[in-house]
Amino acid sequence: MPASRIAGTGRYLPAEVLTNEALARRVDTSDEWIRTRTGILQRHIAAADEATSDLALHASREAIAAAGMQPSDIDLIVLATATPDMIFPSTACILQDKLGIRNGGAALDVGAVCSGFVYALAIADKMVASGAARNALVVGAEIYSRILDWNDRGTCVLFGDGAGAVVLLPSDAPGIVTSHLHADGSHRGILCVPGHVHNGQVTGTPYLHMDGSAVFKFAVKVLADVAHEALAAADLPAERIDWVIPHQANIRIMDATMKKLYLPHERLVVTVDLHGNTSAASIPMALDVAVRDGRIRKGQHVMMLGVGGGFTWGSVLVKW
Ligand code: COA
């Protein structure tokens, strides 16, 4: 059966590090509060002259090199972001240009907020497996520091900037075993940036709004549900999952999901401590870390789980 497989991974974090202690000097919070509630120790902040496409470019170059390819080999770019460079053109088109690809294949953005990478990977998998594309670049890239109200301690402590990328190639055997995507727009109010441009003005708040406890409950429920959906489709018991890579939002959400799957904490890939919630970038960044440090090995099963504003959620099960 035609399928796709991940052939290379990459990631990029901007140079500026903002620790919990430094943040506590700006807003009424503490390292202890942030660490115990979220597991976050620090986040990275993009420089004023860095755009989302620049972060994406660094991560993409790493992933393309890891796959042993050149940018000109890429004939599909699917880029997940909630913080695009501009209203249009898409950040994927800007990235394509920065990679030096001319007269290329399709390039598109996916807007599924923190589920964005799982959505993008599922879409690219279908295109590669069907033969509509050969060598796909799938990216999650975000600059949340620009949509945060830095006076709102309830949200500004949680998020950070970064990018992750993978190259997806055709394969005779999966690869990507199964993927499952969901959305329920009736929950859009609990996590949103309602502002929009109207007659040259921003109408509504351009800052991230969140009902933290509603998001927490929703996330734990749907992450476990969509993991079970993938296991059922693949006819695989949960104990055969070697690594779970959930969206890196909050260690307590991740631990609660593992409990619901009856899997030990040791099979969880955790990088949220190092960069906070980087939305669509978090899963490919965590994947890249676990691939490069040798934790993820050939033949293992990796479960990626996304959840985010929309609400959106999804799973991608990979046999490495
Ligand atoms: N520092 C110190 N105190 C803070 C704080 C901060 N950064 N942010 C909130 N508080 C205070 C609140 O004002 C509240 O004070 P009060 O009791 O005097 O009113 C107190 O801490 C407890 O707030 P609460 O919201 O009950 O904390 P919590 O244990 O639910 O944790 C979150 C808050 C945001 C960490 C938690 O709800 C969460 O992780 N939600 C999911 C967020 C997320 O992952 N979003 C992205 C999903 S894609």
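**First stop: helices H3 and H4**

Select helix H3, residues 52-66, together with helix H4, residues 91-98. In this predicted model, H3 passes H4 in a right-handed crossing. Two packed helices are described by the angle between their axes and the distance between the axes. For H3 and H4 the angle is about 55°, and the axes are 9 Å apart. Angles from 65 to 115 degrees would count as roughly perpendicular and those under 35 as roughly parallel; H3 and H4 are therefore oblique to each other.

Next, display the side chains where these helices meet. On H3, select Thr52, Ser53, Asp54, Ala56, Leu57, Ser60 and Arg61; on H4, select Thr91, Ile94, Leu95 and Lys98.

**Second stop: helices H7 and H8**

Move to helix H7, residues 212-234, and helix H8, residues 251-260. Their axes lie 9 Å apart and form an angle of about 40°, so H7 and H8 are likewise described as oblique to each other. The crossing of H7 and H8 is right-handed.

Which residues of H7 meet H8? Select Phe216, Ala219, Val220, Lys221, Leu223, Ala224 and His228 in H7. Their partners in H8 are Arg252, Ile253, Ala256, Thr257 and Lys260. The residues of this contact between H7 and H8 comprise seven nonpolar, two polar and three charged.

At Arg153, a backbone N or O atom lies 2.9 Å from a nitrogen atom of the ligand. At Gly212, a backbone N or O atom is likewise 2.9 Å from a nitrogen atom of the ligand. At Asn250, the atom to find is a polar side-chain atom, which lies 2.5 Å from an oxygen atom of the ligand.

Most residues other than glycine have a negative phi, and most peptide bonds are trans. The following places may be viewed with that in mind.

Select the loop between strand S7 (161-171) and strand S8 (176-183), where Gly175 lies. The peptide bond from Pro174 to Gly175 is cis, with omega near 25°.

Then select the loop between strand S14 (301-308) and strand S15 (312-319), which contains Phe311. The peptide bond that leads from Gly310 to Phe311 is cis, and its omega is near -5°.

Finally, return to H7 and follow the chain into the loop between H7 and strand S13 (243-246), where Asp235 is found. Is phi of Asp235 positive or negative? Phi is near 55°, a positive value in a residue other than glycine.

How values were computed:
Residues numbered from 1 in each chain as written. Predicted model: local features only at pLDDT ≥ 70, side-chain atom pairs only at ≥ 80, totals over all residues. Heavy atoms only, no water. Axes fitted to C-alpha atoms, helices over the stretch in contact; angles between N-to-C directions. Helix = DSSP H or I, 4+ residues; strand = E, 2+ residues; numbered from the N terminus. Parallel < 35°, antiparallel > 145°, perpendicular 65-115°, else oblique. Left-handed = near helix turned anticlockwise from the far one by under 90°. Contact = heavy atoms within 4.5 Å. Nonpolar A, V, L, I, M, F, W, Y, C, P; charged D, E, K, R; others polar. Polar contact = N/O pair within 3.5 Å; in protein donor to acceptor, adjacent residues only side chain to side chain.
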